[in-house]
Amino acid sequence: FYYDKGWQDLDDIVEHGWNTLNRVQQIGVKYYDEFLEKIPRPEVEFIAAKVTEHAKRIRDDGIECCIVGGYRRGKTECGDVDIILSHRDEYATLGLVRDIVASLETEGWITHTLTLNLTASKRNQQTLPFISGTGGHGFDTLDKALVVWQDISWPTRAADIAANPKAKNPNIHRRVDIIIAPWQTVGCAIVGWSGGTTFQRDLRRYARKVKGWKFDSSGVRDRATGEVLDLEGVGGECSTWEEAEKKVFAGFGLVYREPWERCTG
């Protein structure tokens, strides 16, 4: 479409086609160069800690956090930040992502919310039903927010604001995924968000072709009966999310692989 109009780069789109973009696309173009900058591990950890702090403030100290994605596979720098939050009480995770985003927006950590999905809360956090022929559901089987993050602190902040109350924050913008997993299937969520692209594709293919199952981050279903399979124990009886993740591998009949061994793509 853009090449048909003779637009060959982002500058052309900004100059001639800005109004053809939706809000999310406009934000992506606006911060394109910043989003290309890799995020060092300490910054990933800081962002995860701040999100967890707000989650605990909203609910209680029972909130648990696992940083997934490239960080968990051992990358020294990441393209974005993927965070899974859970709680042993299933009612504590219901609608949690909406409340976290509101809290972080109020303090200024989140500058833009690109998507906010309450997919799991709307079905009472149950494993996504399997209906043959309906196609895939992507990564939105769990409650999730994709947000633009900016650190609200910088060395000269007080002086800058004193001189100009509208002083511009000089910090770089980051992409952050906040994912909420009910404890009963937290292992599936962590498996689903920790592997490289090819690993995830092959695991889903194995589930379909060898086991006759449907696997995604919300859990596992039998394709023939639609029955939910509790690989992690009925009601989520694992004591840690690490144990829950290993039970998912065992339920598949697979040898457990450390996250850094799942870089097949």
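**Notebook entries**

I began at Gly 79, which I found in the loop between β3 (77-78) and β4 (81-86). The model I am reading is a predicted one. I looked up the relative accessible area of Gly 79 and got 25%. Next I listed what Gly 79 touches, not counting residues up to four places away in sequence: Phe 35, Lys 38, Ile 39 and Arg 175. For Lys 38 I also took the C-alpha separation from Gly 79, which is 5.2 Å, although the two are 41 residues apart along the chain.

**Whole chain**

I then stepped back to the totals. The protein chain has 265 residues, and 45% of them count as buried. I noted 12 helices and 10 strands. I also looked at contacts between residues at least 6 apart in sequence, and 68% of these join residues at least 24 apart.

**Rings**

How many aromatic pairs does a search of the whole structure find? I wrote down 8. Elsewhere I found a cluster in which ring pairs link Tyr 206, Trp 213, Phe 215 and Phe 252.

The charged end of Arg 88 sits over the ring of Trp 183, at 3.9 Å from the ring centre. For Lys 246, the charged end sits over the ring of Tyr 256, and here the distance to the centre is 5.3 Å.

**α4 and α7**

I turned to helix α4 (residues 41-58) and helix α7 (residues 96-107), whose axes come within 9 Å and cross at roughly 115 degrees. I therefore put α4 and α7 down as roughly perpendicular to each other. The crossing of α4 past α7 is right-handed. On the α4 side I listed Lys 50, Val 51, His 54, Ala 55, Arg 57 and Ile 58 as making the contact, and on the α7 side Asp 99, Ile 100, Ser 103, Leu 104 and Glu 107.

I picked out Ser 103, which has its place in α7. Is Ser 103 buried or exposed? Its relative accessible area is 16%, so I marked Ser 103 as buried. Leaving aside neighbours within four places in sequence, I found Ser 103 in contact with His 54, Arg 57 and Ile 58. From Ser 103 to Arg 57 I noted 46 residues in sequence and 9.2 Å in space, C-alpha to C-alpha.

Among the buried residues are Cys 188, Ala 189, Ile 190 and Trp 193.

I then looked at how α10 packs with helix α12 (residues 241-252): the angle is about 75 degrees, and the axes are 7 Å apart. α10 and α12 are therefore roughly perpendicular to each other. From α10, the contact is made by Val 186, Gly 187, Cys 188, Ile 190, Val 191 and Ser 194, and from α12 by Trp 241, Ala 244, Glu 245, Val 248 and Phe 249.

Notes
Residues numbered from 1 in each chain as written. Predicted model: local features only at pLDDT ≥ 70, side-chain atom pairs only at ≥ 80, totals over all residues. Heavy atoms only, no water. Phe/Tyr/Trp six-rings, centres within 6.5 Å; stacked < 30°, edge-to-face > 60°. Lys NZ or Arg CZ within 6 Å of the ring centre and 35° of its normal. Axes fitted to C-alpha atoms, helices over the stretch in contact; angles between N-to-C directions. Helix = DSSP H or I, 4+ residues; strand = E, 2+ residues; numbered from the N terminus. Parallel < 35°, antiparallel > 145°, perpendicular 65-115°, else oblique. Left-handed = near helix turned anticlockwise from the far one by under 90°. Contact = heavy atoms within 4.5 Å. Buried < 20%, exposed > 50% of the residue type's maximum accessible area, 1.4 Å probe, protein only.
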